[in-house]
Amino acid sequence: MLKIIFTNITILLSFLFIIGQVLNHYPLEQDSSVRHKTFIGAIFGIMGIVLMMFTFKITEFIVFDLRNIAIICSGVFGGFISVAVSALFIAVYRILYFGINEASIIFSISILIIGLLSARISHMKLKVSTKFLYMFIASTTITSIVFIYVLDDKNILLPTLKHYWQVHILGGLLAYYTCEYIIFSTSTFREMSYFQIMADNLVDMITIHKFNGVYKYASPSSVKLLGNNPKDMVGKNFFSFIHPDELQGILNLQNRLDKREILEYTENFRMKNSKNEYIWVESTFKCIKDSEGKNLEVICATRNITERKKIEEKLRRQTAEAIEANRMKSQFLANMSHELRTPLNSIIGFTTRVLKKSVDILPSIQRENLDIVKSEAQHLLTLINDLLDYSKMEAGKMTVSVEEFNLESLVDEVLEMTSSISEDKNLMFKKDMDKNIDLNIVSDRIKLKQVLLNLLSNAFKYSESGTVTLKVSKQNNYIKIDVLDEGIGIDESELDDIFKEFHQVDGSYTRKVGGTGLGLAITKRFVEILKGRIEVKSEIGVGSTFTVYLPTDYNSTDESLIKEELKLSLEASQQAEKVVAFIENDFSTRRLYCEYLRQEGFSPISIDDKEDFEAIIEKIVALDPHAIILDIILQNKDGWELLNQLKRNPLTKHIPVIISSVLNEQKLAYKMRADDYLIKPVLQEELINAISKITKNDNKVEVLIVDDDKNYLKLLCQYLNETNLIYLTAEDGLTAMDMIENHSPGLVILDLMMPEITGFEVLDWIRKSEKHKDMSVIVVSAKDLTEQEKENLIESANMIIHKSGMQVEEVIKQVLEDKRWSKRV
Amino acid sequence: MFNILIVEDNINNMRLFKQILMDVEKDMIITEAFLGMEAIEKSKDIIFDLVLMDIALPDMDGVQTRRELIKNSNFDKTVFIAVTAHASGEDKKELEKEFDYYLSKPVDEEQMIFLIDDILK
């Protein structure tokens, strides 16, 4: 008995093994070939034959066995052809065993029908759940076992199995495992079909090729990408599609992939499409094992990046152009400087020679003429130097090269250089160095030299007699350098402007003394670059004092500077005239604003942005400042929220708030009732203008200028600055409408052609609004108006001015003469 | 007797430097070169005591010319002065690394005479 059990188990196991192997090598696919289907049919046919060995005869005509399972599987997985083959196998077995009789034919036909039905079912794509299959197998197995017990021995057809019901159980298990394997295959098959769907529908083209480049698979997206049918792609060589320029790179990468140096790579290259044009694609390559698990294949997702490449190319070109332009500019400046200096060398040199050698021969008037030539040439030279320095600063090209040096020796050097100016004048010079301090400082020697040179030569230039004093002392961590003269002095009203570019005090002196008007601007910028500051005090007829504060160590920590800042704000608060509060995150900006405001006679108070909103507002209420300057990006806080709270609080809402931020969010700011908006970096002039603009006359805005042309706005502003009018500007329709709502200006100067909301719409809105419908509106536009538009405008606008030739004066004249609105203000 | 080489492409500047050199009260022979290559050619058989070198030359720049010249052992003891219109602070720093002295154009006559006089002592 053991022997028989062992034989049967061996048969069943080997059978199971064979089926598994076969299925493994022939994965179930959707479009299997006839050969494949026949093969599946054969497998299930053989399986059916084996299952028929476990047949029971219930009555003479009712025979039960498990061949049905085989035939059903054959139908589900193989289709009609497989069913036919399996049925044939089973029929042949039966006929061989029992001979041709009625029963055999009925059995064969019934089995064929079952198989065909199952094939039909599989075509209907009915889903059979795994649970159902298990139940089915289990019930058939149990039924078989029950039958063996219940039925009489003689009812069992196959005598070999008569007593070995254990073998029968194994037969059930065979069916069970086979089905399980099939379920596994089908679920894999289902997943595979999902992948198939994905691969078929992705925009990216999915391909698989061997290492020699021959395509094994291409997804249908190849039509979109290359215009090639996926079936035509298979068998072609991937490498033949690549642009020759990039081929070597791809081959190298693939080699590395082969050696497992890299696991995947993404590369941009050009591929040839069906029209023989090259398109830019980006492919990601990854190594996979083929179905046998031996050879490596490359799976590759490819997408079209022609558009992206175009944009990249454009950007790259633009960047290159910008860099080139910048380089050209620098080169141009360097060349210009050189080219201008070379002839000046001859002019100054020869003039000097003539003056030196022929001084006795020349008539005095000619000598004077030559003196003029020489001094003008020298003047030209300083102009060139100034311009070069200035353009460098503008380009942000100023670098600070820090070294340690002795201030006294630097001062001596400068004196040497300026001695020629003071020579002809009745001037005394006094050097007052504090002997007790260390005069070795760490800073940029050349820049400081330039600063001292400018200040001293100015002092000599602007003085006719008296003493020029250079005083050096120390304050905390700062070296204080005073340059005092007893010259003509500067009028108080002019003091604010002397550090501005191209500004010179009094035109008549300009002619007498000469200069670009850049000297002090450069000086100030240099001092700022060196982390210092410069101040000036002056009185007409008495003299001027320029004071430079410079950190003794350029690299020193900010700690000392913070102390300095504290001191500054303390000093400021003591004066307590017009307090301007500012809430600003950045240390250096705080410092800068502090200085800007102080110079203009405001008392700047910095409010710590680390405090919470309540504390800040409390402080503001206590200070009741003239204006608040608010940064948007604060320490862990949102400036917008603070703005909101300030404008809601009845105690603070009357205080004008100027936003100063690096963000470009004017629209939002005005919507949130901010009074002005400055984009960093903020110049002193801008800051002061903004403060004086919003604090004048309780915010009563008289004129609003709306124009998207910034230059035109600037031009108008310059003219308006000369009047006493309070004005606001807006660069687009939306901002304009916000401003009209918030400030109700007496007059609007309106441009018509603006992006988004045009002047027409703004005008329409004004006329329709209850509150503003009587507002005076002057339309200024460059647009050639149609008759219809003209008619409409004549009705709704108070005046129409054509922009041609930028007749600014005319616009301003109209503004001033138009009494209708000025009465209303 | 001193041998002096002036390398300068601008004919007027050349004339000026020659005149200025005449004010240095020393016996000297002045050799002119308008190009870097010319300077190299002319220096083959003469040992120069001093070279006034313009930097922006049409064929090769002054720094390069100097480097070529000093390959010749004739120049072992020669003093080089850069005379240039590249007058920014950075230019000066760079040039002072290569040259013994630096004069910016437009040159100050007195300064130049003083310097050369000092060198030729």
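View 1. Helices α11 (306-357) and α12 (364-394) of chain A each supply at least two residues of the side of chain A that touches chain B. Of this side, α11(A) gives the most, 14 residues. The model is predicted: local features need pLDDT of at least 70, side-chain atom pairs count only at pLDDT 80 or more, and totals for chains, interfaces and linings use all residues. Side-chain values use heavy atoms, without hydrogens and water. Six salt bridges are found across the interface of chain A and chain B (a side-chain nitrogen of Lys or Arg within 4 Å of a carboxyl oxygen of Asp or Glu). A:K357 and B:D23 meet through their side chains in a salt bridge, N to O 2.8 Å.

**View 2. Extent of the interface between chain A and chain B.** In contact (heavy atoms within 4.5 Å) are 18 residues of chain A and 23 residues of chain B. About 1800 Å² is buried between chain A and chain B, 52% of it from carbon and sulfur atoms (accessible area, 1.4 Å probe, that two parts lose on being put together, summed over both).

View 3. Strands are DSSP runs of E, at least two residues, and helices are runs of H or I, at least four, numbered from the N terminus. Five of the six residues of β15(A) (578-583) are buried, so this strand is largely enclosed by the rest of the structure (buried: under 20% relative accessible area, 1.4 Å probe, protein chains only). β15(A) pairs in the parallel sense with β16(A) (602-607) over six bridges and with β17(A) (627-630) over four bridges (pairing: at least two DSSP bridges between two strands). A:I583 stands opposite A:I607 in β16(A), and A:F582 has A:I629 in β17(A) as bridge partner.

How values were computed. Residues numbered from 1 in each chain as written. Chains lettered and ligands numbered in written order. Buried < 20%, exposed > 50% of the residue type's maximum accessible area, 1.4 Å probe, protein only.
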